[in-house]
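User: I'm new to this one. Could you walk me through it, starting with a single residue and then zooming out?

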Amino acid sequence: MKTLFNAHLAHIQEIVKEALSCCRLDGIWIYAGKADNYFLDDQSKPFHINPFFNYVVPMPQAEGSWVFLDGYSKPKLYFYQPKDYWYFVESLPNDFWCNQFEWEIFTQPEQVQQLVNSRTNCGFIGEDEALAKSLGFFSINDRKLLNILSYYRAYKTEYEVECIFQAQKPALLGHHAAKQAFLAGKSEFEINLAYLQASEQSDLNVPYGNIVALNEHSAVLHYNRLANKTPNQVRSFLIDAGATYLGYASDITRTYQQESNDLFVYLLQGMEQIKQDIIAELQVGYNYLTYHTQVQQRVAELLHHSGLVKLPATQIFEEGINRAFLPHGLGHFLGLQVHDIGGWQQNKRGAIKRPPEVYPSLRCTRELAEGMVLTIEPGLYFIDLLLQPWRTHPLADKFDWQAIEILKGFGGIRTEDNIVMRTNGAENLTVKMQQQLNLS
């Protein structure tokens, strides 16, 4: 990892040189951030690191710390180590990346003022803009600066790819434990505990709230209730859960069935095949929207061949019926943030290309390029809110409503892997780690 990180940091230095030149700045101060309190409370919210800080410093627990970069000098890391007996204080790390920084320890937040005063004409990047103003910064989250950094973050270095690959391991171990808990008849709450234990995480440090859904709950795209009781009749199970490694996330989804239903099994196998086919076809130079459209067309074919909609696949697609069964996008950028930034950004100036009106939830409209890491997560759901307009539509008699009513009890299907774009196509990081772990 040391060699990979050194190359990663050198790459960031080149980006910083370009950004500072464009913005006519001498340096960038990046604040890791701090945990805020809840409203009218002395209890703090879970801390989440500023991703731009974590982009430079592989330490997602460095609350209160700062890093300074000018593109030329050795990055300066101001490590906050308060004298505190109420809370755990991070010890000074001694890891593969530490020698790439000049270190300075400070124990009081007020000491930052003296550090900042020693460097003028610098930009600030961080959430606490009030703090930045109080410290005298005039360039605070400059849009031109952020556009350049955000654009480049879409192209992952080999260090970043390795981190995302390593983040697959705890997630897949958690998924395996969750599957076993499901087959053993556990509740959503108990399945989530099994996932957390196997992935060695807590609910406070997972990269996003785990989606652990039985039966019809699988039709709620961001379901997060975690029922304590197992349903009397268990039909299906959908789990969407990830993990992190040095701040980089994995994001994996699997769907399983328990109650015997040939049509649901057919759809489950069909969606898995769609995912595999799309991943096999991904190529550098093609817009992500192209593949999202292909997935929608293949869902239309699946609806036709399954008999759920008795119309030709081309007509199902042209009428938009498939969108009632697949309302979300094919996937998104993945990195330090689960929905990593830059998915709509087309260039370093910050030009945005929004998704077409018919696909409002699509999170990426970029041309695929080498080094991009994305999720591929096709789905098919039975959601009353989206199906209701078709019940009174002139084509309503073309739907097999009796079969749909039965399938509503299964909720839906989603299957998701994490891929990195290479020169000759996509490398499936999830399957690669799954094979290393010998997990089915």
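**A histidine and its surroundings**

Analyst: Let's start with His175, whose side chain comes to 3.2 Å from the backbone oxygen of Ile252. Keep in mind that this is a predicted model.

User: Which helix does His175 lie in?

Analyst: His175 is part of a helix that covers residues 158-183. That helix is α6.

User: Is His175 buried or exposed?

Analyst: The cut-off for buried is under 20% relative accessible area. His175 has a relative accessible area of 3%, so His175 counts as buried.

User: Which residues does His175 touch, leaving out those up to four places away in sequence?

Analyst: Ile252 has already come up, through its backbone oxygen and the His175 side chain. Leaving out the sequence neighbours up to four places away, His175 touches Tyr195, Ile239, Ala241, Ile252, Thr253 and Arg254.

**Zooming out**

User: How many helices and strands does the protein have?

Analyst: Helix α6, where His175 sits, is one of the helices. The secondary structure of the protein comes to 14 helices and 16 strands.

User: Why is the protein called as compact as a globular protein of its length?

Analyst: For 440 residues, the globule rule gives 22 Å. The protein is as compact as a globular protein of that length because its radius of gyration is close to that value, at 24 Å.

Definitions and conventions:
Residues are numbered from 1 along each chain as its sequence is written. This is a predicted model: local features need pLDDT of at least 70, side-chain atom pairs count only at pLDDT 80 or more; totals for chains, interfaces and linings use all residues. Side-chain values use heavy atoms; hydrogens and water are left out. Helices (H or I, at least four residues) and strands (E, at least two) are DSSP runs, numbered from the N terminus. The radius of gyration is taken over C-alpha atoms; the globule rule is 2.2 Å times the number of residues to the power 0.38. Buried means under 20% relative accessible area, exposed over 50%, partly exposed in between (1.4 Å probe, protein chains only). A polar contact is a pair of N or O atoms within 3.5 Å; within protein, one must be able to donate a hydrogen and the other to accept it, and residues adjacent in sequence count only if both atoms are side-chain atoms. Contact means heavy atoms within 4.5 Å.
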